[in-house]
Amino acid sequence: AYRGSGLDAHGVIFYVDSNAKAWVLGLEHVYDEKWHEGSQAGEIIDSITNYTSTYAAVSDTDGYTNTRLIRQAGTADVYPAAYAVDFANGWYLPAAGQVMHLMNNLTAVNRALTTVGAEPLHVSEGKVDNDRYYFWTSTVHSKANAWRVSNGELSIGIGSKSFRYEVLPVKTINVGNPNFTITTGQLLVNKDGTKGVVYYIDPDAQYGLMVALEDATNGVACAWEKTATDRSGANTGASTNYSTYFATAVMDGMKLTSYMDNTSGYARNKVVTQLNADWFVPSAAQLSLLYAAMPEVEEAILAAGGSAMLNAPYWSSTEYSKDNALVRNFNREIATANIYDNRAKTAANAHVRAIRRFGFGEVSRDDALTYQWDDAGRNSTTQYITVRPQEDTPIPCM
């Protein structure tokens, strides 16, 4: 990750915003730590915001301020997780939105951690608490609960502050101006004139995904297909553990969409009619990543004159069985990780928001999504990302 620089690695960058501020994951993690030590009821921290819905929680990206306020409210004996990080040197307990960004880049982050000799983050499957790992966030839900993220499902939920989860130290640094041509939340214009907002960038910088500005269903739910048929031959099977499938499934929604019924009025045809055949119904995994990118992406959609996604389920192109397909619920008021479901394909059970894949052109970058920086040198940086200069106009896609 450091290209033979001779410097010691301190962490791995997992996100860089448009202002060249980067979030860094520390190399040493604390396992089995409580958020609050004491009664399970916890206590109220008057100075900190409580986020009572999933959608609100993922909008919280100020882990530094959260950690500062938590530490001001009590000692290490009372708030072990907030004191498990080296706050004096800039490390903090990340907010829920920051951890969700980390999970989006988990593959690249783990590759970088391995490169520098650190232990990769655990990746787990299953829906039983003892069989998967949770990461604490500094985002508060209520007196008794705080938000935690499961890395096995790209999902977020609440946990009692008395539970023991893993603590990930995060730090914010300035990496200079990397002149990104394409970033998450950016409005792009395709050669055919259609527009979309970037919500995912492949860790290997081979492609990105954009989401349409409007629902293909115009506010009215539709059916997935006219007659129940095993379309893909690769459905997830009769298993209730379909939420893990959202995080680990194949990302080829375009291929899955090609198997779907193209009869007028049904999900696939809604997309083709609204846009064109280059757009498609996202796979379960792609739909899950879209949810994780909210509300940053939705803010960009609204700024571009588009419409917010509804507090409702949305179809994926992933079959659950011959009769059912997987959906993801975008209801902002759901306060748990249980927001996956499967619905009968022949009933008007969900809405559709199309996505599209795009290429970057000529882009060279570090495989591990990292920059080099030297704490002793007051965060001086050497960039390992080379891209075209920033343009003031919308970026044409390949």
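**Close-up 1. The Y314–F330 aromatic pair.** F330 has a relative accessible area of 2% and is therefore buried (under 20% relative accessible area; exposed is over 50%, partly exposed in between; 1.4 Å probe, protein chains only). Y314 is also buried, at 0% relative accessibility. This is a predicted model in which local features need pLDDT of at least 70 and side-chain atom pairs count only at pLDDT 80 or more, while totals for chains, interfaces and linings use all residues. Residues are numbered from 1 along each chain as its sequence is written, and side-chain values use heavy atoms, with hydrogens and water left out.

The rings of Y314 and F330 form an edge-to-face pair, 5.2 Å centre to centre with 70 degrees between the planes. Rings of Phe, Tyr and Trp (its six-membered ring) pair if their centres lie within 6.5 Å; planes under 30 degrees apart count as stacked, over 60 as edge-to-face and the rest as tilted. Y314 belongs to strand β12 (residues 313–319), and F330, 16 residues apart from Y314, to the loop between β13 (324–329) and β14 (340–344). Strands (E, at least two residues) are DSSP runs, numbered from the N terminus.

**Close-up 2. The aromatic cluster of Y134, W136, F163 and Y165.** The whole structure contains 11 aromatic pairs. W136 and Y165 make a tilted pair, because their ring centres are 4.7 Å apart and their planes at 55 degrees. W136 lies in strand β4 (residues 134–140) and Y165 in strand β7 (residues 164–167), 29 residues apart. Both residues, W136 and Y165, are buried.

**Close-up 3. Arginines over tyrosine rings.** The charged end of R357 sits 3.8 Å from the ring centre of Y207, over the ring. R71 lies over the face of Y83, 4.2 Å from the ring centre. A charge sits over a ring if NZ of Lys or CZ of Arg is within 6 Å of the ring centre and within 35 degrees of the ring normal.

Technical notes:
Helix = DSSP H or I, 4+ residues; strand = E, 2+ residues; numbered from the N terminus.
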